[in-house]
Amino acid sequence: MSKNNFAIIFCLFVMFTGWKQADACTNFLITKGASSDGSTMISYSADSHVLYGELYHWPARTYPEGALLDIYEWDSGKFLGRIPQVRQTYNVVGNMNEYQLAIGETTYGGRKELEDSTGIMDYGSLIYTTLQRAKTAREAIFIFAKLLEEHGYASGGESFSIADPEEVWIMDLIGKGTKMVTDKSGKTYNANKGAVWVARLIPDGYVSAHANHARITTFPMKGKEALSSKNIDKIYNKEVTTVYSHDVVSFAREAKLYEGTDEKFSFSDVYAPIDFGAARFCELRVWAMFNKVTDGMDKYWDYAIGNIKCPVPAVEGQPLKPENFPNNRMPLWVQPSKKVDVEAMFFFMRDHLEGTPLDMANDIGAGPFACPYRWRPMTWSIDGGDYIHERVTATQQTGFSFVTQSRSWIPNNLGGIIWFGVDDASSTVYAPMYTCMTRTPECYAVGNGDMMTWSETAGFWIFNQVTNFAYTRYNVIHPEIAEKQAGYEAKYVKDVERIDAEAQQLFTQEPRRAAEFLTGFSVNTANNLVKEWKDFYHYLFVKYMDGNKKTAQPVPEGYKYYAPKVEHIRFGDDYYRVIIEKTGDKLKVIE
């Protein structure tokens with residue numbers, strides 16, 4: 001690969017996967033018919049080197065007529081503007097509300113020229129404002145459309161996961177750029193205000209995923225299942241399975257991005273053309289999850305590792321045509337060969353491409369202790385060659401991640417659970433946080449420490465202590481973490497069955513008591529977990545400090561104390577061979 005081509009790929013990678021606060025994320029979407037218990041589930045990892053792991057909370061509130069809501073960009077904290085507040089908002093815990101509506105996202109960036117410098121609603125504000133206002137996934141899409149139309153869009157391309165107890169939707173969205181015009185009265189405004197987008201209902205019994213690249217390609221635009229945003233009020237018709245902005249194709253033609261029929265228009269291929277970086281760093285994570293749940297994914301391996309096959313290459317500066325689109329892309333959704341449970345979702349979030357030719361623990365980059373992590377930067381050049389590190393689902397820079405469960409057989413204000421964890425998903429513990437909570441645990445509370453402020457009671461810092469220590473001798477220390485992690489999560493899954501029954505009994509007597517009961521359970525579970533994880537760190541540090549592994553021994557009779565057994569942890573044979581290869585006879589014992 002030439003330096004020029006590598007530079008182009010690297011720039012596209014930055015554009016698609018981003019380096020901002022929470023741009024490099026992964027979402028898995030599970031429908032009712034695909035889950036083992038009939039719940040809908042979505043997962044999300046907020047992956048960033050500067051994002052602090054905490055659990056957000058907005059209590060339900062009533063506002064006076066005419067109240068305004070300040071909008072701040074989620075990534076930067078920049079004030080973007082004010083919008084009218086609604087009279088009544090709903091209780092929101094993290095990315096899920098009291099009606100069991102859950103929303104996740106991944107950023108793909110897309111075409112840089114489509115960013116709008118005048119918009120007010122960034123992707124984070126869209127999520128958290130909508131969670132406070134919507135009860136169902138369809139209503140969330142309706143509110144998204146209205147907010148974008150009225151206030152403009154302030155971010156790059158985004159994919160959203162939107163789930164309620166009955167349905168799961170995927171939505172791809174991007175702005176339309178800035179085109180300032182002045183009307184007869186002298187008022188200046190952006191003629192391209194808003195966004196173009198497509199939302200699709202995942203068929204029941206199927207699963208989907210997105211990981212920093214737009215995934216919706218062609219979609220139905222006619223028939224009873226397809227709805228244009230011009231008729232957005234009809235979104236509540238259950239026959240509708242695809243909703244799209246009315247100008248999603250016409251705008252692409254006007255902007256000279258697309259030349260072709262409506263039927264062959266591909267949202268992803270036009271608004272976020274895929275390249276090596278987008279496939280290898282993003283779509284590969286989708287492939288890894290699909291490969292775990294269904295057969296036949298081998299045929300998409302070539303695509304997932306970045307070998308994009310287009311019948312006719314695109315010509316720079318010319319509109320894309322259907323023949324320029326890749327013909328080896330993965331499907332938007334697949335049918336799993338067996339039902340997915342919540343613990344399987346935890347497993348998906350912990351992937352390092354295990355069992356594939358790109359297994360992160362199986363090359364020299366893993367070091368002497370098979371560490372499936374690569375410190376950034378992800379792209380590098382040396383001795384005339386250009387190279388990458390893999391970007392997998394479980395990554396060291398995760399601020400927080402979660403799996404949501406929306407459960408239709410339990411009343412809304414009791415049924416929603418966000419299984420929440422901080423730091424690297426591979427070594428976190430997902431604890432059940434009920435979305436009727438009236439307060440958050442101290443260990444996850446906003447303001448308990450920050451990215452530059454240590455806190456002894458903050459889950460983010462305690463989990464980072466354990467995880468970063470494990471990175472030093474991963475194949476020795478991490479198995480102890482995984483065993484303890486599995487024990488906690490198995491216990492929590494069983495606890496939830498008991499807590500659900502108790503809460504529902506309380507709810508029939510006094511609903512407020514049920515909410516307080518679930519709040520107490522969630523808060524105590526999280527705070528106790530973090531306290532015990534801190535003790536776990538002390539145990540690991542004592543046992544594994546200085547590159548050794550120490551085991552306490554019984555004190556023999558007549559001894560005041562007795563030294564522990566010490567094992568020196570050796571490198572793997574393959575790594576010793578690398579040392580020999582690089583040093584020759586320098587370290588060889590002289591006979």
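Tyr387 counts as partly exposed because its relative accessibility is 40%. Partly exposed falls between buried, under 20% relative accessible area, and exposed, over 50% (1.4 Å probe, protein chains only). Tyr387 sits in strand S19, residues 385-388. Strands here are DSSP runs (E, at least two residues) and helices likewise (H or I, at least four), numbered from the N terminus.

This is a predicted model, in which local features need pLDDT of at least 70 and side-chain atom pairs count only at pLDDT 80 or more, while totals for chains, interfaces and linings use all residues. Residues are numbered from 1 along each chain as its sequence is written, and side-chain values use heavy atoms, with hydrogens and water left out.

The predictor's confidence in each residue is the pLDDT, from 0 to 100. Its mean over the chain is 94, and 96% of residues reach 70 or more. Residues 1-22 have pLDDT below 50; this stretch still has 61 contacts in the model beyond near neighbours in sequence. Contact means heavy atoms within 4.5 Å. Where pLDDT is low, the predicted coordinates should not be read in detail.

Now go inside. The largest nonpolar core has 164 residues, and Val248 and Tyr271 touch the most other members. Helix H12 (residues 511-544) supplies the largest share of this core, 13 residues. Such a core is a set of buried Ala, Val, Leu, Ile, Met, Phe, Trp, Tyr and Cys residues joined through side-chain atoms within 4.5 Å. A second, separate core has five residues, including Cys371, Tyr373, Ala394 and Tyr471. Look again at Tyr271. Leaving aside neighbours within four places in sequence, its contacts include Gly110, Arg111, Ile174, Val248 and Phe265.

Next come the loops. Ser229 lies between strand S15 (226-228) and strand S16 (242-244). Ser229 counts as buried because its relative accessibility is 18%. Beyond residues up to four places away in sequence, Ser229 touches Trp197, Tyr244, Ser245 and His246.

Most residues other than glycine have a negative phi, and most peptide bonds are trans. What is the peptide bond from Arg376 to Pro377, cis or trans? It is cis, with omega near 10°. Pro377 is in the loop between helix H8 (342-348) and strand S18 (379-382). Leu353 lies in the loop between H8 and S18. Phi of Leu353 is positive, near 65°. At 2% relative accessibility, Leu353 counts as buried. Asp423 also has a positive phi, near 70°. Asp423 is in the loop between strand S21 (417-422) and strand S22 (431-434). With a relative accessible area of 1%, Asp423 is buried.
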